[in-house]
Amino acid sequence: MGKLSPSFRSAISTTILNKPPQPLAAAPPLLSGEPRSLSKKLPPKPSRKIQSAQSSGPLEKPKTATLFKSSSLADAKKLYSSFIATTRAPLDLRFYNSLLQSYASIATLNDSISFLRYMSKVQPSFSPDRSTFHVLLSTSGNGSGSSLASVQQILNFMVSNGFNPDKVTTDIAVRSLCSAGLIDEAVELVKELSRKQSPPDSFTYNHLVKQLCKSRALSTVYGFIDEMRSSFGSKPDLVTYTILIDNVCNGKNLREATRLISVLGEEGFKPDCFVYNTIMKGYCMLGRGSEAIGVYKKMKEEGLEPDVVTFNTLIFGLSKSGRVKEARKFLDIMAEMGHFPDAVTYTSLMNGMCREGDALGALSLLEVMEAKGCSPNSCTYNTLLHGLAKSRLLDRGIELYGLMKSGGMKLETASYATLVRALCRSDRIAEAYEVFDYAVESKSMTDVAAYSTLESTLKSLKKVREQGHAI
């Protein structure tokens with residue numbers, strides 16, 4: 001990113017603030033010395049060649065993915081027979097599974113099963129194993145034909161071929177149903193498989209709990225957990241409680257989160273750093289900084305070492321609740337404990353400072369941030385731009401905008417709207433239109449949204465002026 005130029009640092013002095021407004025083209029560079037494009041500091045995008053090398057394995061999956069262009073079973077059989085007849089190299093199981101996956105991803109379940117049978121008939125050396133049937137399960141969630149019945153059909157087909165479902169089978173089947181939005185069906189399947197001595201492992205169990213939390217009432221989630229415990233002996237673990245606590249915190253139900261902490265202790269689990277961070281996040285979402293500090297102190301009492309997420313969460317919460325001075329103190333505490341503030345840390349502080357009307361203080365923090373080797377990101381710049389525009393520090397805001405533009409950064413809706421309104425109200429209409437053009441060109445937002453903000457601002461300004469003349 002580079003350090004800020006002396007001209008930009010001098011923004012803090014009142015003498016510079018009293019300068020006449022400068023046109024956009026004449027804005028001084030933010031960077032000292034030769035202006036450098038911000039894009040040089042952004043991580044390079046991997047080339048298609050690199051991406052292909054990373055994703056492709058020995059089976060050359062990209063080739064098999066495009067092998068079947070039609071879902072027709074007859075065409076698939078013809079293509080497969082031709083391929084087998086002309087291929088001399090030995091083919092392993094992974095290749096056949098990849099071939100099946102390629103066809104199953106576009107075909108119906110019945111056709112996929114028929115194709116699998118045909119594969120074995122044409123090439124007797126191909127002997128499907130459990131992973132082959134897992135391929136069918138993993139693709140059963142594709143398309144509108146997904147259902148519990150289709151999953152059960154695959155499981156029955158699998159058993160008839162001598163392979164009983166195991167924990168991996170259960171996991172693939174549940175995730176396939178969940179990916180198709182069939183959460184209730186996934187619950188029914190887990191119960192069915194548990195009755196057949198194939199209960200879910202903790203990963204599958206917690207995945208299903210998480211999906212239930214996203215789409216069902218809390219009472220339904222608790223009902224599932226209680227039934228799995230009483231009927232099948234599947235008990236929630238620390239991860240389960242963390243998911244539940246995160247869910248109720250997101251719903252701002254901190255009383256229930258506190259109760260779950262007690263239940264967690266009764267079950268013999270000791271809350272870890274992640275659990276406390278989750279609770280802390282809940283308080284911060286409500287702007288209750290004092291309670292967030294209380295959670296931090298409780299962590300320390302329990303002998304838990306706060307991590308970067310802990311400090312970032314706490315600094316965000318304190319900054320949001322207007323306690324920026326306290327938040328800044330934790331920068332030093334972080335350093336003392338061996339944690340280095342990152343872009344999230346500094347951006348949270350800048351946001352709090354801008355909320356208090358100290359946009360120039362936030363700007364000076366940007367210099368501190370870069371001096372310590374921490375690179376700002378798009379969120380950092382949008383936060384500062386919003387704060388500068390809101391404080392009517394338009395020259396400084398335009399300079400910052402110019403740096404963002406040179407680096408190809410997108411404008412967030414709030415920073416764009418605030419900057420455009422501030423420019424229009426200061427009779428800098430041409431610059432407002434220039435910002436509008438960039439917002440559209442950079443695809444920061446839709447043309448309609450960008451124009452709507454500009455148009456409504458101009459109409460409102462015109463109305464105010466007309467009323468003023470009438471008076």
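These legends describe close-up views of a predicted model.

Residues are numbered from 1 along each chain as its sequence is written, and side-chain values use heavy atoms, with hydrogens and water left out. Because the model is predicted, local features need pLDDT of at least 70 and side-chain atom pairs count only at pLDDT 80 or more, while totals for chains, interfaces and linings use all residues.

View 1. In residues 166-200 the end C-alpha atoms lie 9 Å apart, and the span is 74% helix and 0% strand. In residues 377-411 the end C-alpha atoms lie 12 Å apart, and this span is 74% helix and 0% strand. Helices (H or I, at least four residues) and strands (E, at least two) are DSSP runs, numbered from the N terminus.

**View 2. The aromatic pair Tyr96 and Phe126**. The whole structure holds 17 aromatic pairs, meaning rings of Phe, Tyr or Trp (its six-membered ring) with centres within 6.5 Å. The ring centres of Tyr96 and Phe126 are 4.5 Å apart and the planes meet at 20°, so the pair is stacked (planes under 30 degrees apart; over 60 is edge-to-face and the rest tilted). Tyr96 belongs to helix 6 (residues 93-104) and Phe126 to the loop between helix 7 (109-122) and helix 8 (130-139), so the pair ties together parts 30 residues apart in sequence. Both Tyr96 and Phe126 are buried (under 20% relative accessible area, 1.4 Å probe, protein chains only; exposed is over 50% and partly exposed in between).

**View 3. The aromatic pair Tyr103 and Phe115**. Here the ring centres of Tyr103 and Phe115 are 4.9 Å apart with planes at 50°, so the pair is tilted. Tyr103 is in helix 6 and Phe115 in helix 7, 12 residues apart. Tyr103 and Phe115 are buried.

**View 4. Packing of helix 15 and helix 16**. Helix 15 (residues 254-266) packs against helix 16 (residues 273-285) at about 165°, with axes 10 Å apart. Axes are lines fitted to C-alpha atoms over the stretch in contact, and angles run from 0 to 180 degrees between N-to-C directions. The two helices, helix 15 and helix 16, are therefore roughly antiparallel (over 145 degrees; under 35 is roughly parallel, 65 to 115 roughly perpendicular and the rest oblique). Leu254, Ala257, Thr258 and Ile261 of helix 15 meet Val275, Ile279, Gly282 and Tyr283 of helix 16, with contact meaning heavy atoms within 4.5 Å.
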